[in-house]
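Take a look at the model below. We will walk through it step by step.

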Amino acid sequence: MNGQTSLCVREILSASGSRELAASVGRLYRHVDRAVAGSGFQCSNRGLCCDFGQYGHKLFVTTVELAYFVRGQGAQAPNTPVGRCPYHQEGVCVARRHRPIGCRLFFCQPGSADWQERQYQALRSRIIALHERLGLPYMYVEWLGGLVQLAEKAGLLAEPGALTPKPGCG
Ligand code: SF4
């Protein structure tokens with residue numbers, strides 16, 4: 001996220017309560033996990049790629065992935081040093097069940113980049129269709145920036161009277 005994209009936090013919070021979202025994204029993630037299991041690549045779970053600043057890596061996610069993540073983990077991330085995913089703690093991912101697609105598909109193993117790209121492109125239309133079905137605006141945002149916006153706006157929306165419907169994202 002570049003600071004200019006305004007995340008649809010209100011819609012994400014609303015969708016996070018949807019059983020249809022839980023079932024649909026759960027199915028999608030199981031599909032991704034099966035593809036990973038059959039890929040021959042292996043994640044040794046060292047967490048190097050979760051330290052984005054050190055690794056020189058950025059993770060991007062879509063709106064439905066954020067809504068599913070909020071459903072499982074809440075909108076307020078733990079405090080963490082700048083540049084590292086706040087869910088990487090004491091050497092492990094503490095949000096493994098709800099982690100987004102990029103976390104599932106990414107391997108630091110040489111030769112995996114092409115496979116990863118092909119997998120994501122094959123999933124893309126399914127992901128977009130899922131947004132349409134759930135009535136959630138499709139956005140593709142940088143993970144750490146998205147988490148910051150989620151936490152800030154969710155905090156504001158939790159204030160009394162703040163959940164008055166308003167048009168558009170924000
Ligand atoms: S959600 Fe988990 S796997 Fe993904 S970047 Fe954060 S710590 Fe790493």
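In what order do the elements of the chain run from the N terminus on? They run α-α-α-β-α-β-β-α-α-β-α. That makes 7 helices and 4 strands. Helices (H or I, at least four residues) and strands (E, at least two) are DSSP runs, numbered from the N terminus. The chain has a radius of gyration of 16 Å, close to the 15 Å that the globule rule gives for 170 residues, so it is as compact as a globular protein of that length. This radius is taken over C-alpha atoms, and the rule is 2.2 Å times the number of residues to the power 0.38.

A word on the source. This is a predicted model: local features need pLDDT of at least 70, side-chain atom pairs count only at pLDDT 80 or more, and totals for chains, interfaces and linings use all residues. Residues are numbered from 1 along each chain as its sequence is written.

How confident is the predictor? pLDDT gives its confidence in each residue, from 0 to 100. The chain averages 88, and 90% of the residues score at least 70. Over residues 163-167 the pLDDT is below 50, and this stretch has 1 contact in the model beyond near neighbours in sequence. Two residues are in contact if their C-beta atoms, placed from the backbone, lie within 7 Å.

Now the contacts of the chain. Among those between residues at least 6 apart in sequence, 84% join residues at least 24 apart.

Finally, the ligand. Around it stand Cys 50, Leu 59, Cys 85, Tyr 87, His 88, Cys 93, Ala 95, Arg 99 and Cys 103. Each has its C-beta atom, placed from the backbone, within 6 Å of the ligand.

Terms used: pLDDT is the predictor's confidence in each residue, from 0 to 100.
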